[in-house]
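Colleague: Hi, could you walk me through this model? I have a few quick questions.

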Amino acid sequence: MTAYGVLGGTFDPVHLGHLHAARCVRLAFALSEVVLVPSAIPPHKSRPGLAPMEDRLAMVRLAAREETWLSVSTAELDRGGVSYTIDTLTEMRGTRPHARPLFILGTDAFLELRTWREPDALVRRFDLVVVDRPGSSLPAGAPDPALASLLQTVPFSPGAGLALLDAPRPAQGRVFRLEIPLCDVSSSEVRRCIARGAPLDLLVPPAVARYIQDQGLYLMEGRP
């Protein structure tokens, strides 16, 4: 059975750090596709001034156009309400029964996994890959011994995780840890740069930068 990556998030806005993580996972696990899934209402990262879902979706689509292996799913936007990963992956498995999703998340999100909806079912039913992110680390035994015991470290090199991914899947889910070169970009940093008029060249794809400018997004970020 083939696999494809799934990277969800608020994408407020999508930036080069998101694309870097997707690219590294694609390379390490020899995936032909990574699907970007913008959330409708994020359960953990809701904030005042969240850009409208139409704008966040438009920016994700512009970013995906620059890479043939990237695609976009509107599953969470179409479903509406609070977006839960377990629901999204279950829906994607139903619509693509001959391929399995490999859910991508950062170490910061993995450390909060116990606060997600049905975390045990999520790990039991789906494969996860945890990528290192700027400012986050994965201490031994985190987030709890049961989850930590599932971690399988994957070296960052082309196809390094393919043998692990193709191995017979155990009854309990698998959690792969992929240490990738850091790309120190965050959505909050992008928004602050926009508010102070700083250039976005090294933060977001050019098409996304143009969209933000044309729509006048995030101009009031951080202002009283």
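Predicted model: local features only at pLDDT ≥ 70, side-chain atom pairs only at ≥ 80, totals over all residues.

Colleague: Which peptide bond is cis?

Modeller: The one from D12 to P13, with omega near 5°. P13 sits in the loop between β1 (2-9) and α1 (16-29); helices (H or I, at least four residues) and strands (E, at least two) are DSSP runs, numbered from the N terminus.

Colleague: And what is the phi of F11?

Modeller: Positive, about 55°, although F11 is not a glycine. F11 is also placed in the loop between β1 and α1.

Colleague: Switching to helices: at what angle do α2 and α10 cross?

Modeller: Roughly 150°, and the axes of α2 (residues 53-65) and α10 come within 8 Å. Axes are lines fitted to C-alpha atoms over the stretch in contact, and angles run from 0 to 180 degrees between N-to-C directions. The two helices are therefore roughly antiparallel (over 145 degrees).

Colleague: Which residues of α2 make the contact?

Modeller: E54, D55, A58, M59, L62 and A63, against A207, V208, Y211, I212 and Q215 of α10; contact means heavy atoms within 4.5 Å.

Colleague: Last one: which residues are closest to the centre of the second largest pocket?

Modeller: The second largest pocket has a volume of about 230 Å³, the space filled by probe spheres set on the grid points, which are joined across faces, edges and corners. Of its 15 lining residues, I194, L200, A209, I212 and Q213 are the closest to the centre. A pocket here is an open set of points on a 1 Å grid over the protein atoms alone where a 1.4 Å probe fits, with protein on both sides within 12 Å along at least five of seven lines, and lining residues have an atom within 4 Å of a point. The largest share of the lining, five residues, comes from α10.

Notes:
Residues numbered from 1 in each chain as written. Heavy atoms only, no water. Parallel < 35°, antiparallel > 145°, perpendicular 65-115°, else oblique.
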